[in-house]
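Please examine the sequence and the model below before reading on.

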Amino acid sequence: MKKVKTAVVGASGYTGQELLRILLRHPGVELVCATSRQYAGKPLSEVFPRFRNVPGAELQFTDSDVAAIAATGAEAAFLALPHGVSASYGRGLVDAGIRVIDLSADFRLNDPAVYEDFYGKPHPDAELMQEAPYGMPEWHRAEIESARIVGSPGCYPTSIILPLVPLLRAGLVLPEDIVVNSGSGVSGAGRKADVTLLYCECNESMRAYGVPRHRHLSEIEQELSLAAGTDVTITFTPHLMPVNTGIVTTTVAKLAPGVTIDQITACMEEAYAHAPFVRLMGPNKPADTKNVTRTNFVDIGWAIDARTNRVVLMSAEDNVIKGAGGQGVHAFNIMFGFDETDGLWII
């Protein structure tokens, strides 16, 4: 099997660490570059002792310089950087002939005005942003296959979009009055020093945050609107859960007149019949984070509340794998012609 020379830019965060874990075991990857200003000059195995004696883990972290990344011969680059930072790397890497999978929010949106509205400043490269497809393999496979740069979806959006898109496309739910509540593990905030994220602040406690306008709403509503063929505005409330990783989401939507549970089931089964990482739980079966953490799976269940004529969609995923690094590798596999599951059968 041909090996693709691959770089991970911003490799020392939680998502970067998961990317390294997957890519070091990927049969089609030669890891040639991992960047971290903080750990430059140190081998991966020293910063992350879990990688000791793993082939390839002797690679040293380097500083984050586009020219230096290109000099490694990298053909692909994952950007595991904060939003606003990734955009400064995208153009230089693409112009150097490197195909990019960005895991920040910088290349997820197709409207520069929406980006500015939600992120508080103009996008520095609106042309490249509009070129990048939304990197959800289950719904954008063809665009991902030929893309120079892909905007990989956020963690919350993945858990919301996957259950809703088939139903909106089929007209089984109404596009208005959709309400979503999600809970995420603390790793979703990133690997950083923050008093609000200390153990004693998070343990045995849950709290809402990002209310009423979390930034992920921009990409969620973009993709739901495309599926529905009309503008979709939702109510979304994220919560911080006292766990390391995992997302659980409950989405409630109004059913179109006369829709039955059997129609919901048939729609889901048809939509995801060939999606290896979407596991359908079936009617009246809630998803549980304990079954998806450390994997690239998303589990989806559903139920109908006959009293209110609403469908309740229940999903769970690992926020740093299916919601970040694993989904990025899934897109990478499609871009470079590998089996889409390569490196991702992790349980």
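Which residues does Val 278 touch, not counting residues up to four places away in sequence? In this predicted model, Val 278 touches Glu 138, Leu 162, Tyr 272, Val 298 and Ile 300, with residues up to four places away in sequence left out of the count. Val 278 belongs to strand S11, which covers residues 278–283. Its relative accessibility is 7%, and Val 278 therefore counts as buried, since buried means under 20% relative accessible area.

We turn next to the nonpolar cores. The largest nonpolar core has 64 residues. Within this core, Leu 224 and Ile 234 are the residues with the most contacts. Helix H8, residues 155–169, supplies the largest share of the core, namely nine residues. The surroundings of Leu 224 can be listed: Leu 224 touches Ile 161, Leu 164, Val 165, Leu 168, Val 232 and Ile 234, again not counting residues up to four places away in sequence.

The packing of helices comes next. Two packed helices are described by the angle between their axes and by the distance between those axes. Helix H1, residues 14–23, packs with helix H12, residues 321–335, at an angle of about 40°, and their axes are 9 Å apart. H1 and H12 are therefore oblique to each other, and H1 passes H12 in a right-handed crossing. On the H1 side, the contact is made by Thr 15, Glu 18, Leu 19, Arg 21, Ile 22 and Leu 23; on the H12 side, by Ile 321, Ala 324, Gly 325, Gly 326 and Val 329. The residues of this contact of H1 with H12 comprise six nonpolar, three polar and two charged.

H12 also packs with helix H7, residues 137–146, at an angle of about 40° and with the axes 9 Å apart. H7 and H12 are therefore oblique to each other, and their crossing is right-handed. In H7, Pro 137, Glu 138, Arg 141, Ile 144 and Glu 145 meet Lys 322, Gln 327, His 330, Ala 331, Ile 334 and Met 335 in H12. The contact of H7 with H12 has five nonpolar, two polar and four charged residues.

Note on methods
Residues numbered from 1 in each chain as written. Predicted model: local features only at pLDDT ≥ 70, side-chain atom pairs only at ≥ 80, totals over all residues. Heavy atoms only, no water. Axes fitted to C-alpha atoms, helices over the stretch in contact; angles between N-to-C directions. Helix = DSSP H or I, 4+ residues; strand = E, 2+ residues; numbered from the N terminus. Parallel < 35°, antiparallel > 145°, perpendicular 65-115°, else oblique. Left-handed = near helix turned anticlockwise from the far one by under 90°. Contact = heavy atoms within 4.5 Å. Nonpolar A, V, L, I, M, F, W, Y, C, P; charged D, E, K, R; others polar. Core = buried A, V, L, I, M, F, W, Y, C linked by side-chain atoms within 4.5 Å. Buried < 20%, exposed > 50% of the residue type's maximum accessible area, 1.4 Å probe, protein only.
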